[in-house]
Amino acid sequence: MPRHTMRAIRLHEHGGPEVLRYDEAPTPEPGPGEVLVRVHAVGINPPDWYLRGGMTRMPGETESTVRLPVIPGTDVSGVVEAAAADVEDFSVGDEVFGLLRFPSFHGSAYAEYVAAPASDLARKPVGIDHVHAAGAPMAGLTAWQFLIDVGHDHPSPFQEARHRPTTLDADTTVLINGAAGGVGHFAVQLAKWRRARVIAVASGAHEWFLNELGADEFIDYTKSRPEELVHDVDLVLDTVGGPDSSRFLRTLKRGGAQFPVLPGDFDEAETAKLGVTVSTAQVRSNGAQLAELGRLLDAGTVRVAIDSTFALADARAAHERAARGHVQGKIVLTVP
Ligand SMILES: NC(=O)c1ccc[n+]([C@@H]2O[C@H](COP(=O)([O-])OP(=O)(O)OC[C@H]3O[C@@H](n4cnc5c(N)ncnc54)[C@H](OP(=O)(O)O)[C@@H]3O)[C@@H](O)[C@H]2O)c1
């Protein structure tokens with residue numbers, strides 16, 4: 001049985017990485033439909049520093065439900081320690097991984113134990129360890145829900161229309177910007193799994209990595225402007241965003257689509273004139289989809305690249321690493 005208290009990273013105030021405090025906190029109890037997971041590893045993601053920095057309302061929410069102190073984090077891999085009576089899919093001792101309660105800031109993953117909705121979990125692929133499994137949930141599901149299947153009917157906070165992935169096959173070419181990052185490196189591999197031709201855009205240090213993941217072409221954005229080199233692609237997946245994301249529109253063929261992972265401003269008149277569409281989505285927890293991704297991870301069709309690992313107590317250093325940028329794959333916290 002777990003102790004009444006556990007070690008966890010908590011925010012007592014918002015701010016820089018220094019506000020991530022290694023604390024003693026109450027061990028959670030699983031509610032209906034939940035299991036208690038003994039956490040072995042935690043994948044870190046941009047919403048963790050959005051919350052740390054003071055964002056307490058997810059897009060689409062009208063009011064904040066975050067109360068300090070709060071344990072940040074969404075992505076875990078670990079072992080089921082206890083299960084509520086109504087949970088049928090998981091038992092004590094099962095190895096599981098998941099994206100918890102997203103979109104919300106109530107994942108509470110930076111801890112020795114977390115109460116996790118069973119519907120957010122899948123069995124950890126036996127062929128990979130907890131560190132690699134913890135790197136998969138948010139970034140992997142984002143790539144999956146943008147490129148393969150949205151998997152839910154929740155309205156998007158970003159657009160009226162439902163996001164629809166486009167067909168990916170041997171006749172399609174996909175440009176992926178930010179290809180070496182968390183979302184990008186899964187997107188490259190899922191597009192290759194669907195036999196699409198992939199043009200990967202990243203800084204030069206990632207060329208070998210992206211070629212090894214299967215990219216057909218690599219563009220170093222520090223040396224050339226991809227929008228001047230590339231034409232007639234079917235799909236652009238932009239994980240970087242920002243005000244000049246719309247420059248990629250001109251790389252698309254008529255009928256093509258751009259998927260900004262970070263929603264931005266696009267001129268409807270320009271997209272209409274070019275005959276292209278722009279569509280975005282918000283990733284949501286989905287244990288069933290994670291199980292599908294898990295099968296690809298088990299088969300080695302998709303792999304999780306680890307940029308670096310840090311002990312849970314050193315979450316501050318992990319966030320400082322993320323802030324330096326140029327991440328290759330995922331940053332993961334290990335829980336002793
Ligand atoms: N819509 C959603 O539901 C959703 C879900 C997940 C993430 N996101 C958003 O998606 C973004 C990416 O998340 P992530 O977890 O993949 O981040 P990440 O792991 O930090 O990856 C970002 C990547 O972008 C590359 N990059 C930075 N500037 C670039 C540029 N100008 N051109 C090309 N590449 C550049 C970085 O490396 P190099 O510069 O060295 O190439 C890095 O590999 C975040 O803003 C996040 O908030 C949205």
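Into which domains is the protein divided? Select residues 5–141 together with 284–334 for domain 1, then 164–278 for domain 2; these bounds come from an automatic or database domain assignment. The model is predicted, so local features need pLDDT of at least 70 and side-chain atom pairs count only at pLDDT 80 or more, whereas totals for chains, interfaces and linings use all residues. Residues are numbered from 1 along each chain as its sequence is written, and side-chain values use heavy atoms, with hydrogens and water left out.

**The whole chain**

Display the complete protein in cartoon form. It holds 9 helices and 15 strands; helices (H or I, at least four residues) and strands (E, at least two) are DSSP runs, numbered from the N terminus. The radius of gyration is 20 Å, close to the 20 Å that the globule rule gives for 336 residues, so the protein is as compact as a globular protein of that length. That radius is taken over C-alpha atoms, and the rule is 2.2 Å times the number of residues to the power 0.38. Along the principal axes, the C-alpha atoms fill a box of roughly 60 × 40 × 40 Å. Of the 336 residues, 56% count as buried, where buried means under 20% relative accessible area, exposed over 50%, and partly exposed in between (1.4 Å probe, protein chains only).

**Between the domains**

Colour the two domains separately. Their C-alpha centres lie 28 Å apart. Across the boundary, 17 residues of domain 1 are in contact with 17 residues of domain 2, contact meaning heavy atoms within 4.5 Å.

**The nonpolar cores**

Next, select Tyr110, Leu210 and Leu333. Of the 91 residues in the largest nonpolar core, these three touch the most other members. Such a core is a set of buried Ala, Val, Leu, Ile, Met, Phe, Trp, Tyr and Cys residues joined through side-chain atoms within 4.5 Å. Helix H3 (residues 137–147) gives the most to this core, with 7 residues, and both domain 1 and domain 2 supply at least three residues each.

Centre on Leu210. Leaving aside neighbours within four places in sequence, Leu210 is in contact with Ala179, Ala180, Val188, Ala200, Ala202, Ala215 and Phe218. Another core, of 12 residues, lies apart from the largest one and includes Ile199, Val236, Phe248 and Leu252.

**The parallel sheet**

Show the open sheet of 6 strands, ordered E10-E9-E8-E11-E12-E13 with parallel pairing; two strands pair if DSSP finds at least two bridges between them. Strand E10 (217–220) and strand E13 (277–278) stand at the edges with a single partner strand each, so one side of each is left without a neighbour in the sheet. Further in, select strand E11 (residues 233–238) and strand E12 (residues 252–260), which pair in the parallel sense over 5 bridges. Val233 has Leu252 in E12 as its bridge partner.

Select strand E6 (residues 113–117), where 5 of 5 residues are buried. In a regular strand the side chains alternate between the two faces of the sheet. Here Tyr113, Ala115 and Pro117 point one way from E6, and Val114 and Ala116 the other way.

Glu34 stands opposite Pro117 in E6. Beyond residues up to four places away in sequence, Glu34 touches Glu29, Ala83, Ala84, Val87, Arg101, Ala115, Ala116, Pro117 and Ala118.
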